[in-house]
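Keep the viewer open and follow along by residue number.

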Amino acid sequence: MTNRILVVDDDLHIREVTRVALKKAGMNVIEARDGKEALTRFSAEQPDLIVLDIGMPEFDGLDVCREVRKSSDVPILFLSARDDEIDRVLGLEIGGDDYVTKPFSPRELVARVNVILRRLAPRPGLAESGALSKGQLSVDPEQHVATYASMPLHLTAIEFGILRAFLTRPTAVFNREQIMSAAYQLNIQVSDRTIDSHIRNIRAKLAAVKCDNVIETVHGVGFKLGRCEPPA
């Protein structure tokens, strides 16, 4: 099935460059010129992924992300006109999956979109193995479903990939490079702050369902899976 991508940017040139690159990669593209139009198109079209500019006037990309996350876990890749770490980290903290800084390579943008979409797709060979679990945490890679104590977890594609990596090696300690590789593939490099933001998001979502021990910090090394049980 062809993936449907919603591209949101107030710059016509950026939309054109992005549209051409994504269409060349075999994707269908829907466009919006501002945040309010983005929400309208999102509701009507139900895209598989949103490429979302942060720096739009009035209703910006962060506002759009907050609204979308009230009802959907659709992957969001942010575009930022500035090399501003605060914007990028805030975008990840409120539910973004990744970001690209302008000016960007269309090839890199397509690669990052493909990585996120690949995380959502069933992977051959996993159907036989069934769900991965520890304690009351369960991840089903085939159906792309995660639960804790039978309650659904609304994870982004990157967060799902990180939890799946932990559950495939439930006693291992992962450094940030290993987490980055598991979450992004294709040798795409992101900062330690980006990985930490994803870990923080996962912890917050598990804490909301009464699990405060899903991921433990191993100081000076990285992170490991915790007990994944309710507090005693």
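## Strands that pair

Two strands count as paired here if DSSP finds at least two bridges between them. Please keep in mind that this is a predicted model.

Thr-217 of the chain stands opposite Phe-223 in E12, and Glu-216 has Lys-224 in E12 as its bridge partner. In a regular strand, side chains alternate between the two faces of the sheet.

## The hairpin and its sheet

What do E11 and E12 form, and how many residues are between them? They form a hairpin with three residues between the strands. In the turn, Gly-220 has a positive phi of about 80 degrees.

## An enclosed strand

Is E1 largely enclosed or open? Four of its five residues are buried, so E1 is largely enclosed by the rest of the structure. Buried means under 20% relative accessible area.

The pairing of E1 is with strand E2 (residues 28-32), in the parallel sense and over five bridges. Within this part of the model, Val-8 stands opposite Ala-32 in E2.

## Charges on the surface

Next, turn to the surface. Which residues gather in a patch of negative charge there? They are Asp-10, Asp-11, Glu-16, Asp-34 and Glu-58. One of them, Glu-16, has its place in helix H1 (residues 12-24). With a relative accessible area of 34%, Glu-16 is partly exposed, because that value falls between the cut-offs of 20% for buried and 50% for exposed.

Finally, find Lys-70, in the loop between helix H3 (61-69) and strand E4 (76-80). Is Lys-70 buried or exposed? Its relative accessible area is 62%, so Lys-70 is exposed, a word used for values over 50%. Lys-70 and Asp-10 are 60 residues apart along the chain, and 23 Å separates their C-alpha atoms.

Technical notes
Residues are numbered from 1 along each chain as its sequence is written. This is a predicted model: local features need pLDDT of at least 70, side-chain atom pairs count only at pLDDT 80 or more; totals for chains, interfaces and linings use all residues. Side-chain values use heavy atoms; hydrogens and water are left out. Patches are made of residues with over 30% relative accessible area and no salt bridge: like charges are joined within 9 Å, nonpolar side chains (Val, Leu, Ile, Met, Phe, Trp, Tyr) within 5 Å. Accessible areas come from the Shrake-Rupley method with a 1.4 Å probe; for residues, only the protein chains shown count as cover. A salt bridge is a side-chain nitrogen of Lys or Arg within 4 Å of a carboxyl oxygen of Asp or Glu. Lys and Arg count as positive and Asp and Glu as negative; His and the chain ends are not counted. The place of a charge is taken as NZ of Lys, CZ of Arg, CG of Asp or CD of Glu. Helices (H or I, at least four residues) and strands (E, at least two) are DSSP runs, numbered from the N terminus. Buried means under 20% relative accessible area, exposed over 50%, partly exposed in between (1.4 Å probe, protein chains only).
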